[in-house]
Amino acid sequence: MEQITVYAFPVFLLLMLVEIGYGLAVGRNTYRLSDALASLSQGLQSQLVASVSMLFQLGLYALTWQHLAIFPHAALWATPWGWLLAIVMFDFCDYWLHRVGHESAVFWAAHAVHHQSQHFNLSTALRQESTVAFLGWPFYLPMALLGVPPAQFALAGLIVLLYQFWIHTEHIGKLGWFDRVFSSPSNHRVHHAVNDQYLDKNYGGMLIIWDRLFGTFIEEDEAPVYGTRTPLNSWNPLWAVASGYVPLWQLARRAPRWQDKLKVWFKAPGWLPPGVRDDSPAFDLQAARQRYDPPLTRAAMLMAVVQFVLQTAAAAAYLWQSDVLSTPALWGFALLQLAGLFGLGRLLQGVCSPWRLLALDVLLMLLAAAGSLL
C-alpha cells in the first residue's frame, strides 16, 4: 500500500499543476503557496503517522478477520463482484465514520484537520488527518466479520480515498445525474463549507446516495465559504493536529461535574456542560471570508518550495522501504521528517528565516545519516 501511495505522488503533482495552469488561464487561481504547502505537509504527516501505527491502520482489522470472520474464505471475495462489494461496503462504513467525525467532538477534533484550509483545490484533498485511525478502526470491523480479507480491505480503502482526490476542485461545475449518485465536486464543495445551510452535509466518499438515504444531502446553491468556524490561523503542522484536542481538554477541566468532563469528548462539537459559559464571539460568515495568509519574501518562498520537495523525496524513500525497516528506524526517521515539516511551517509563518531552516535541515540529515549507521 505504501508503494502504491508513492507511485501516486507524481500523479497528484501533475494534476495540481494542471489545475493551477487552468486557474491562471481563466483568471481564477484557487491556490496560495503557503496554504497549499501546509495542506500537502499534512498529507505527508498523515503518511508518516500511518507508517508507525499499523496496529490501528490494519492490525486490529486483521486480528478480527482471523479469529471472528464468518465467511473468511468465501469464493465471492476473489471475483469482480466481490471486489465491487468490498468497495461499496468500505464506502458505506466510511460514510458513518465521516458522519460521526462531524457529530462527536473528539472525532471532529481528529477530522477537522481536513477542513482547516480556507481554499478548495486538489491540494486540499491531500490534507489528510493523522489521528482518525486511532478512533475510527471499529467502524470497519463489520467488513472483517463478513470475511473481507485484510489486503482486499486495504485496497478498497485506498480506492475510495484516491477517488476523492478529484472532487476537491472549484473548476468543475454541476454534473447532472452524476451528482445524484456519486460524490462530485459540487457535492463536496458543500461539505467543506461553513455556510449555515451547508454544515454537516454530504458525507459520502464515493457515493452520495448514502446522504440521500439518511437525510444528510443538500444541493450546492449559495457560494461556499471554506474552512472551519474556528479558523486555525497557523501553518504549524503539529498545532493543526493538536488544535482540536486542546480546547476539549480545557473545556473538560472547566466542567464542574465528572460526568460532564467525559461527555465533553463525545457530545456534539460546541456542546457546553451546565455552568460553563462560552464567551467567544458569534460566528460571522463575512469574517470567515478573510483568509490567513502572512506575507513571505521571495527567498522564503523559494526555500519553502525546495524544503517541501526535499521532504517529499525523503518521505517517498522512507515509505518505499517502510516494510523492511525496524521499529526504531521507522520511528526515528518519521520523527526527523516531522521536525522538518515543523520547520517548514515556521518558515511559512515568518518566525524562522531560510538560513535557520537550512541549518535545521543539515542537522536532520546528519542525524538521519547517523541513524542509518546504527
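Which residues in helix 17 meet which residues in helix 18? Keep that in mind as you start; this model is predicted.

**Stop 1: helix 17 and helix 18**

Select residues 298–321, which form helix 17. The axes of helix 17 and helix 18 come within 10 Å and cross at roughly 165°. An angle over 145 degrees counts as roughly antiparallel, so helix 17 is roughly antiparallel to helix 18. Their crossing is left-handed.

Now show the side chains and answer the opening question. From helix 17, pick Ala300, Met303, Ala304, Gln307, Phe308, Gln311, Ala314, Ala315 and Tyr318. They meet Leu330, Phe333, Ala334, Gln337, Gly340, Leu341, Leu344, Leu347 and Leu348 in helix 18. Colour this contact by residue type: 14 residues are nonpolar, 4 are polar and none is charged.

**Stop 2**

Keep helix 18 on screen.

Pick out the helix 2 side of the contact: Ser34, Leu37, Ala38, Ser41, Leu44, Gln45, Leu48 and Ser51. On helix 18, the partners are Leu330, Ala334, Gln337, Leu338, Leu341, Leu344 and Leu348. The residues of this contact divide into 10 nonpolar and 5 polar, with no charged ones.

**Stop 3: Ser117**

Go to Ser117 next. Ser117 sits in the loop between helix 5 (105–111) and helix 6 (122–125). Is Ser117 buried or exposed? Its relative accessibility is 3%, so Ser117 counts as buried.

Show polar contacts here. The side chain of Ser117 makes one with the side chain of Asp35, at 2.9 Å. The Ser117 side chain also reaches the backbone nitrogen of His119, at 3.1 Å.

Then widen the selection. Beyond its neighbours within four places in sequence, Ser117 is in contact with Asp35, Ser39, Thr124, Arg127, Tyr226 and Gly227.

**Stop 4: Leu213**

Finish at helix 12, residues 209–214. Select Leu213, which lies in this helix. Leu213 has a relative accessible area of 60%, so Leu213 is exposed.

How far apart are Leu213 and Phe165 along the chain, and what separates their C-alpha atoms? They are 48 residues apart along the chain, and 24 Å separates the C-alpha atoms.

Note on methods: Residues numbered from 1 in each chain as written. Predicted model: local features only at pLDDT ≥ 70, side-chain atom pairs only at ≥ 80, totals over all residues. Heavy atoms only, no water. Contact = heavy atoms within 4.5 Å. Helix = DSSP H or I, 4+ residues; strand = E, 2+ residues; numbered from the N terminus. Nonpolar A, V, L, I, M, F, W, Y, C, P; charged D, E, K, R; others polar. Buried < 20%, exposed > 50% of the residue type's maximum accessible area, 1.4 Å probe, protein only. Polar contact = N/O pair within 3.5 Å; in protein donor to acceptor, adjacent residues only side chain to side chain. Axes fitted to C-alpha atoms, helices over the stretch in contact; angles between N-to-C directions. Parallel < 35°, antiparallel > 145°, perpendicular 65-115°, else oblique. Left-handed = near helix turned anticlockwise from the far one by under 90°.
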